[in-house]
Structure formats: structure tokens, C-alpha cells
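I wanted a record of what I looked up in this structure, in the order in which I looked.

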Amino acid sequence: MNAIEIKKLSKYFLGRKVQAVRDVDLEIKQGEIFGFLGPNGAGKTTTIRCMMDFVRPSSGSIKILGLDAQKDSVILKSKISYLSDTAHFYNHWTASNHLDFQQSLRGKSPILKDLIKKFDLNAKLRFANLSSGNKRKLSIILALMNEPEILILDEPTNALDPLLQNTLLTYLKDFAAAGGTVFLSSHNLAEVEKICHRVGIIKDGKLVATETISNLKQMKMYDVSFHAENLDVKTLEEKNTEIVSNLNGSIKLKIKGDINPTIAKLAKIEVKDLEIAHVSLEDIFLEFYKK
Amino acid sequence: MISIIWTNIKERKTSVIIYIVISVLFLWLYVALFPSLQAQSQALGAVLKSMPEGLLKALGSAPDQLNNFTLEALLGSKQFSMTFQIFVAILTFGLAASDLSGEIESGTIEYLLSQPISRLKFYFARFISAFILITIFVAASTLLVMPLATLYHVAYVPHIYWELFADGLLFSTALYSFAYFLSAMSSAKGQVIGISTGIFTVMYGVFIVSALKDNLDKIKYLSLFHYFPGEILNGGGIDKLGVWIFIIIIVLFTALGALIFKKRDITIS
């Protein structure tokens with residue numbers, strides 16, 4: 001069953017002058033952790049704001065748990081929790097005031113004490129006096145405390161130390177394993193690689209790719225560098241091989257996909273200082289942005 | 001909804017208490033001074049008669065005001081000619097701007113709208129909480145005259161203060177409704193306060209000009225200052241046209257604001 005279905009979502013601002021997202025189609029299954037990737041201004045936050053009914057789509061539809069994100073927004077918000085990329089709360093309220101206020105609207109949280117302990121939050125301090133990490137902890141606890149069915153998280157690990165990042169990522173994995181769905185927007189490709197089942201890459205408001213992490217890994221690229229005397233580099237040319245530089249026998253290649261044909265060719269010649277670097281998800285992500 | 005109303009009342013209570021204290025202190029001052037002023041009323045009456053009639057009218061006074069110098073006449077020329085209206089304007093414009101555009105400006109609106117409550121419920125919850133606070137302020141600024149007058153053994157006419165309360169509440173709610181409508185459209189608190197204050201100032205200017213220039217007398221109907229307090233403090237009762245105008249402003253701008261707030265995109269930076 002699809003937990004989230006976005007069809008032909010477009011959003012323009014200032015009439016039709018500014019295009020934020022265009023014809024975005026997404027289907028996210030229940031129990032899935034979906035990573036939404038893209039640089040600033042690509043349309044990630046606008047897509048999320050349409051899902052949360054903060055902004056209204058110019059065209060297209062969003063269904064969450066089978067309900068319309070706009071018409072059924074009140075019912076949906078009792079099933080969804082949202083974590084904004086920046087913590088905007090009341091400076092003069094304590095963390096505890098925020099937690100109490102939310103409980104007055106969404107009911108008492110049976111797991112609140114555990115979450116406070118797990119994320120080590122001092123709930124007695126005023127929001128203005130919390131460190132950026134503690135502000136983030138409060139946002140996370142507010143998002144998790146009412147045990148939603150869907151979590152929509154915008155840059156969730158921002159400002160968290162590595163230990164708490166790990167705690168949150170483990171929590172999200174367990175949440176998804178128990179049937180919860182996570183829609184996660186992030187710049188942190190390492191964390192996306194660690195926990196997401198699938199990712200969507202958005203560029204200039206358009207979804208350019210939706211892949212499973214394993215498929216993306218198959219698209220991995222390699223940086224190969226070595227030194228070889230009197231080599232005609234043209235002999236190394238392959239469909240998936242780009243000769244980046246050739247300076248006095250110091251050669252750099254970029255290989256997308258299968259590296260074996262190149263390795264076989266290099267095995268037949270005398271090379272020195274051979275280095276093969278496995279590029280990260282980040283390089284793949286950047287590759288999408290070159291297109 | 002009740003939680004939003006109650007939280008907002010708690011949130012704004014300090015500023016409202018400050019306005020109430022200042023307003024009541026002014027009232028106290030006038031009531032306390034009244035016995036000695038009454039004793040000097042004949043001399044003051046001569047001074048008033050020497051002033052231009054138009055100016056006195058604009059200030060809510062009349063040349064023969066001191067012929068029958070009452071507490072109501074004193075309050076009509078002092079507290080309720082401008083002071084009360086300024087307090088109400090500052091209070092209502094501040095509340096309206098904070099209630100919607102202030103939340104958008106600070107980004108807290110996302111936290112509020114991510115809760116399971118419809119935009120309309122949120123909109124009316126904030127309206128109701130502001131109405132409760134305004135009612136408390138207006139009640140304190142009008143009805144407390146009676147116990148203060150009793151304290152200083154000053155004669156007063158009770159029904160005048162009840163009328164003042166009712167009409168003052170309508171006047172204040174009308175100001176709030178207009179500013180709240182602006183707040184529903186805008187994402188900047190300063191913009192709401194600026195536009196509301198600008199219109200308020202223009203209306204006061206219109207009222208003054210209409211009083212000073214006989215040929216421009218009719219433009220007084222364009223100013224809310226004409227309808228409140230009107231002739232209440234002279235014992236003339238509430239201006240019925242004013243009541244209708246206040247009610248129309250309240251209903252019209254509150255409904256328009258609701259419609260806009262329900263439909264608009266809410267984006268924070």
C-alpha cells in the first residue's frame with residue numbers, strides 16, 4: 001500500500017512567474033524510508049509544504065494514507081508529524097511548555113518520558129536559552145512524541161552530534177520496521193545512504209531520478225589515477241571512461257559503472273602508483289546535477 | 001480550540017495587564033481630581049468659553065460644558081476624547097499583528113499549523129482570545145469608574161458607563177477586526193501595525209477637520225471617532241448608526257480575513 005502518492009504536483013509563485021516544483025510524481029510505500037535529495041532551492045521544501053498543506057499546489061494532487069492532503073488535512077495531521085529544517089518555536093516558552101501545549105492538542109504522549117531520556121533534553125530551560133543541538137532535540141521529540149504513522153522530516157540531523165544522529169537514525173529504522181513511513185529531506189548523503197530504502201533527486205523543481213539505494217550504488221563511479229610512460233591514452237577509451245587529464249604520463253580517468261574492462265587493459269601495461277577511488281553517493285548526486 | 005484560546009490569553013496577558021493598569025491609573029487620577037476641579041469649575045468655564053468652538057468640539061468639549069460640570073463631562077473631555085482610543089488602538093493593532101502575521105514572521109506558524117486543527121478554527125480561536133482580552137480591557141477602562149467614583153464620593157450616572165462599555169467594546173473590536181484582516185493577508189507584523197496606525201491617524205485627522213470646518217462637517221461620518229463615544233457621556237445614549245457601522249466592520253473584515261487566511265499560502269523564511 002502507498003502511504004504517500006504525489007501526482008503531477010506543480011507549484012508556482014507570483015502568478016506563474018516563479019516555478020518551485022513541476023510535475024513531481026512520487027509513490028512511497030508504507031514502511032519505507034524515502035530520502036528526498038536536492039540542493040537549496042531545488043523544490044524540496046515546497047514539496048513538503050504542499051504535503052503539509054502550508055502552501056496549496058497550483059496543479060496536481062497529494063494523497064497521504066489515501067486521504068487528500070488539503071481537504072483532509074486536519075485528520076491527516078493527527079497521523080503525521082512534521083519536523084521543519086529550522087527550529088521555530090516560542091523563545092520565552094520552556095521546552096516543557098511546548099511539550100505540554102502539543103499534548104493539549106494531540107493527547108497525552110505515552111512515550112514522552114522515554115524520548116526525553118533518549119535524547120537527553122533539559123525540558124526546564126527556555127527555548128531561547130537552549131543550544132542549537134538542544135533546540136533540534138526538542139523539534140525531534142515534538143515530532144516523535146505522538147507516535148504518528150508518517151514522519152515528514154526536513155534535515156532531521158542538522159545540529160545533532162554524531163551520537164544523537166545515530167540514536168535518531170536507529171529510531172527511524174525501528175519506526176519504519178514497525179510499519180511507519182518516513183519522508184526525509186536531507187543534504188547529508190551519508191545518512192541517506194545509511195537508512196533510506198529509496199531516494200528521489202529533485203533538480204530545478206523537477207524530479208530527475210527515483211532509485212533504490214542499491215541501484216544507485218550500482219551506478220557508482222571510480223576515479224582512477226596512475227603513471228605510465230609512452231602510453232597512448234586513446235587505447236583506454238571506453239564508453240563509460242572519461243580521460244580527465246594526462247600530464248607527462250600521469251593519467252586520471254573517471255569511470256562510470258563497470259571498471260573491469262579498464263582494469264584488464266591496465267594489467268597489460270606497466271603502470272606505477274595506481275590508485276582507484278570509490279566515489280561516494282555525493283559524487284553520484286553531483287553527477288545528476290551536471291545533467 | 002479551547003487550548004489555543006487559553007494559551008493565547010496567557011501569552012498576551014502581560015501586555016494587556018499593563019494597558020489596563022495605565023488606563024485605570026488615568027481614570028483614578030481624573031476621579032480623584034474631580035472634587036477639586038469641580039470647585040474650580042467656574043473659573044475653568046471662563047477659560048473654555050474663550051477657546052474656539054471648533055477646537056473644543058474636536059477635543060470632545062463645549063463652551064458651556066462647565067455650567068453643569070459632572071464626572072462624565074470631565075471624562076468626556078479627557079479620558080474618552082483621545083486617550084482611551086489611543087490605548088485601544090495600540091492594544092488591538094498589537095494583538096492582531098501578533099496573532100497571525102507575527103506567527104508567520106517568527107516561523108512559529110508552521111508548528112501551529114502542523115497540529116490537527118483547521119486553519120479556520122485556529123483563526124477564530126485567536127479572534128476569540130483577543131476578543132476576551134479586549135473585553136477585559138474595555139470593561140476595566142469604563143466600568144471601574146463606578147467603584148472609583150464611589151470611593152471618592154463623586155456622583156455618577158451608572159447607565160452611562162454600561163453604554164460606554166458596550167459601545168467601547170464594539171469600537172475596539174472593529175479596530176481589531178480590521179487589523180486582524182490585514183494580519184491574515186500579511187507575513188510582516190510591522191506592515192499590519194503600520195497600515196492600521198496610518199488609517200487610524202487619517203480617521204482622527206478627518207474627525208478634527210470635520211469639527212473645524214463647517215463645510216466639511218459631513219466627512220465626520222467617515223471617521224470611527226465620530227461614533228465613539230458620541231453623545232454617551234452627555235447622556236445622549238449610544239449612536240445607533242455607529243453600532244451598525246461597528247457591527248458591519250467586525251463581520252465584514254473578520255469574514256474576509258477568514259477567507260484569505262484559509263486560502264493563502266503560508267511560507268516562512
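I count two residues as in contact if their C-beta atoms, placed from the backbone, lie within 7 Å. With that cut-off I took chain B: among its contacts between residues at least 6 apart in sequence, 73% join residues at least 24 apart.

Ground rules. I am reading a predicted model, where local features need pLDDT of at least 70, side-chain atom pairs count only at pLDDT 80 or more, and totals for chains, interfaces and linings use all residues. Residues are numbered from 1 along each chain as its sequence is written, and chains are lettered from A and ligands numbered from 1 in the order in which they are written.

**Chain B**

I listed the secondary structure, taking helices (H or I, at least four residues) and strands (E, at least two) as DSSP runs numbered from the N terminus. Chain B has 11 helices and 0 strands. The C-alpha trace of chain B spans about 65 × 45 × 30 Å along its principal axes.

For burial I counted other C-beta atoms, placed from the backbone, within 10 Å of a residue's own: 20 or more is buried, 12 or fewer is exposed, and in between is partly exposed. Buried residues make up 43% of the 269 residues in chain B.

I looked at helix α9 of chain B, residues 158–185. Of the 28 residues in α9(B), 22 are buried. I also compared its length with the expected span, 1.5 Å times one less than the number of residues. The span should be 40 Å, and the end C-alpha atoms of α9(B) are 41 Å apart, which agrees.

**Chain A**

Chain A has 10 helices and 14 strands. Its C-alpha trace spans about 75 × 45 × 35 Å along the principal axes. Buried residues make up 36% of its 291 residues. Of the contacts in chain A with a separation of 6 or more, 69% are between residues 24 or more positions apart.

Next, the pairing of strands, which needs at least two DSSP bridges between them. I found an open sheet of 4 strands in chain A, antiparallel, in the order β2-β1-β4-β5. β2 (18–29) and β5 (67–68) stand at the edges with a single partner strand each, so one side of each has no neighbour in the sheet. Strand β1 (residues 2–13) is joined to β2(A) by 8 bridges and the two run antiparallel. A:Asn2 stands opposite A:Lys29 in β2(A).

I stopped at A:Ala20, in strand β2 of chain A. Is A:Ala20 buried or exposed? A:Ala20 counts as buried, because it has 23 C-beta neighbours inside 10 Å. Leaving aside neighbours within four places in sequence, its contacts include A:Tyr12, A:Thr46 and A:Gly205. A:Asp204 is 184 residues from A:Ala20 in sequence, yet their C-alpha atoms are 7.5 Å apart.

I also checked a hairpin. Strands β12 (residues 241–247) and β13 (residues 250–256) of chain A run antiparallel and are joined by 6 bridges. A:Asn246 stands opposite A:Ile251 in β13(A). There are 2 residues between the strands, and A:Asn248 takes a positive phi near 50°.

**Between the chains**

I turned to the interface. 18 residues of chain A are in contact with 17 residues of chain B. On the chain A side, α2 (73–77) and α3 (95–106) each give two or more residues. The largest share, 4 residues, comes from α3(A).

A:Arg49 sits in helix α1 (residues 44–51) of chain A. It counts as buried because 25 C-beta neighbours lie inside 10 Å. Beyond four places in sequence, A:Arg49 is in contact with A:Phe54, A:Val55 and B:Thr267.

Last, the cores: a nonpolar core is a set of buried Ala, Val, Leu, Ile, Met, Phe, Trp, Tyr and Cys residues joined through C-beta atoms within 7 Å. The largest has 130 residues, and those with the most contacts inside it include A:Ile64, A:Ile152 and B:Ala96. Its largest share, 15 residues, comes from α9 of chain B. Another core, of 7 residues, lies apart from it, with A:Tyr222 and A:Leu236 among them.
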